[in-house]
Amino acid sequence: MSSNPDWKPAIAADQLSDDRFHAAQAGDHKLIVLRADGEIVAYRDACPHEGYALSVSGERQDFVIVCNKHLWEFDAATGEHISRIPRPQCNLKRYPVREVDGMVEVDVSAQPAA
Ligand code: FES
């Protein structure tokens, strides 16, 4: 995480449901935002495989985010690529989040804009 956080509003917290993810934008950063295990998490809206937008090509199936381009799967709560072989470089890019007055804010300094 950056020592100089750059918090940007992304989406109203009350728009988030427990069974899907939501496309959002914070500054120049395109995101998917969701609730998982009771926490709000935000990931870059790009599949680590070939970069397709998960908001277009993906879906949430309970605790898993699936990219329907080539069926890569990710843990919804952690962004970890689910595979028999550990591939940490293939995890979803996760942003720090906080909730301020009902708004989900994302620290965009933590990840470069794609
Ligand atoms: S682009 Fe997502 S699995 Fe290939």
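**Figure 1. Asp 6 and Lys 8 form a salt bridge.** At 32% relative accessibility, Asp 6 counts as partly exposed; the class covers residues between buried (under 20% relative accessible area) and exposed (over 50%), with a 1.4 Å probe and protein chains only. Lys 8 is partly exposed as well, at 28%. Their side chains meet at 3.5 Å, N to O. A salt bridge here is a side-chain nitrogen of Lys or Arg within 4 Å of a carboxyl oxygen of Asp or Glu. The structure is a predicted model, in which local features need pLDDT of at least 70 and side-chain atom pairs count only at pLDDT 80 or more, while totals for chains, interfaces and linings use all residues. Residues are numbered from 1 along each chain as its sequence is written, and side-chain values use heavy atoms, with hydrogens and water left out.

**Figure 2. Arg 98 and Glu 105 form a salt bridge.** The closest N and O atoms of this pair are 2.8 Å apart. Arg 98 is partly exposed at 37% relative accessibility, whereas Glu 105 is buried at 14%. Side chains of opposite charge can pair when their charged atoms come close. Over the whole structure, the search finds two salt bridges.

**Figure 3. Strands β1, β10 and β9 form an open sheet.** The order is β1-β10-β9, and the pairing is antiparallel. At the edges are β1 (7–12) and β9 (97–100), each of which pairs on one side only. On average, neighbouring strands are turned by 35° against each other, direction ignored; the axes are lines fitted to C-alpha atoms, and angles run from 0 to 180 degrees between N-to-C directions. Strands are DSSP runs (E, at least two residues) numbered from the N terminus, and two of them pair if DSSP finds at least two bridges between them. β1 and β10 (residues 103–107) are joined over five bridges. Trp 7 stands opposite Asp 107 in β10.

**Figure 4. Strands β5, β6 and β7 form a second open sheet.** Its strands follow the order β5-β6-β7 with antiparallel pairing. The edge strands, β5 (58–61) and β7 (72–75), each pair on one side only. Neighbouring strands in this sheet are turned by 25° against each other on average, direction ignored. Between β6 (residues 64–67) and β7 there are four bridges. Cys 67 has Trp 72 in β7 as its bridge partner.

**Figure 5. Strand β4 pairs with β3 and with β8.** β4 (residues 39–44) is mostly covered, with five of its six residues buried. Its antiparallel pairing with β3 (residues 29–36) runs over six bridges, and Ala 36 has Glu 39 in β4 as its bridge partner. The two strands form a hairpin with two residues between them, and Asp 37 in the turn has a positive phi of about 55°. β4 also pairs with β8 (residues 94–95) in the antiparallel sense, over two bridges.

**Figure 6. The charged end of Lys 69 sits over the ring of Tyr 52.** The distance to the ring centre is 4.4 Å. A charge counts as sitting over a ring if NZ of Lys or CZ of Arg is within 6 Å of the ring centre and within 35 degrees of the ring normal.
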